[in-house]
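Here's a quick briefing on the protein shown below. Have a look at the fold first, then work through the notes by topic.

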Amino acid sequence: MQRVNWQSEPVDQLSPTIGRQMLNTERLTVARILLAKGAVVPMHAHENEQVATCLSGRLRFVVGDE
């Protein structure tokens, strides 16, 4: 098993308020999304299920119309 430290992973700056770090294996992707205050993530969809954890601050998570 490989051990990875998020601080050593590059951040893809998707917009001025949204950054992303991704770890990929053959069968798994783990993403860390870094949102500045006021950031809005565009509506999008995933083929697979998604798990979200907010480590600090507040987040409104909209799924479909909910």
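Start with contact range: take the contacts in the protein between residues at least 6 apart in sequence, and 10% of them join residues at least 24 apart. Bear in mind that this is a predicted model. Its secondary structure comes to three strands and zero helices, so the notes follow those strands, because strands here are DSSP runs of at least two residues, numbered from the N terminus.

**Overall picture**

- Going along the sequence, you'll read the pattern as β-β-β.
- The protein has 66 residues, and 5% of them count as buried.
- The accessible surface comes to about 6,700 Å², and carbon and sulfur atoms account for 51% of that.
- On the charge side, there are 7 positive and 7 negative charges, and their mean positions lie 13 Å apart.

- What order do the strands take in the open sheet? The three of them run 1-2-3, with antiparallel pairing.
- Strand 1 (12–15) and strand 3 (29–35) are the edge strands, each pairing on one side only.
- On average, neighbouring strands in this sheet are turned by 30° against each other, direction ignored.
- As a general point, side chains in a regular strand alternate between the two faces of the sheet.

**Strands 1 and 2**

- Strand 1 and strand 2 run antiparallel and are joined by three bridges.
- The link from strand 1 to strand 2 is a hairpin through two residues.
- Which residue of strand 2 faces Ser15? Ser15 stands opposite Ile18.
- Another pair on this side is Asp12, which stands opposite Arg20 in strand 2.

**Strands 2 and 3**

- Strand 2 covers residues 18–24, and its antiparallel pairing with strand 3 extends over seven bridges.
- How many residues sit between strand 2 and strand 3 in their hairpin? There are four.
- Gly19 stands opposite Leu34 in strand 3.

**A closer look at Leu14**

- You'll find Leu14 in strand 1.
- Is Leu14 buried, exposed or partly exposed? Leu14 counts as partly exposed because its relative accessibility is 48%, and the partly exposed class lies between under 20% for buried and over 50% for exposed.
- Leaving aside neighbours within four places in sequence, Leu14 is in contact with Gly19 and Arg20.
- Ser56 is 42 residues away from Leu14 along the chain, and the C-alpha atoms of Leu14 and Ser56 are separated by 20 Å.

How values were computed
Residues numbered from 1 in each chain as written. Predicted model: local features only at pLDDT ≥ 70, side-chain atom pairs only at ≥ 80, totals over all residues. Heavy atoms only, no water. Buried < 20%, exposed > 50% of the residue type's maximum accessible area, 1.4 Å probe, protein only. Contact = heavy atoms within 4.5 Å. Areas by Shrake-Rupley, 256 points an atom, 1.4 Å probe, with all protein chains shown as cover. Lys, Arg positive; Asp, Glu negative; His and termini not counted. Charge placed at Lys NZ, Arg CZ, Asp CG, Glu CD. Pairing = 2+ DSSP bridges. Axes fitted to C-alpha atoms, helices over the stretch in contact; angles between N-to-C directions.
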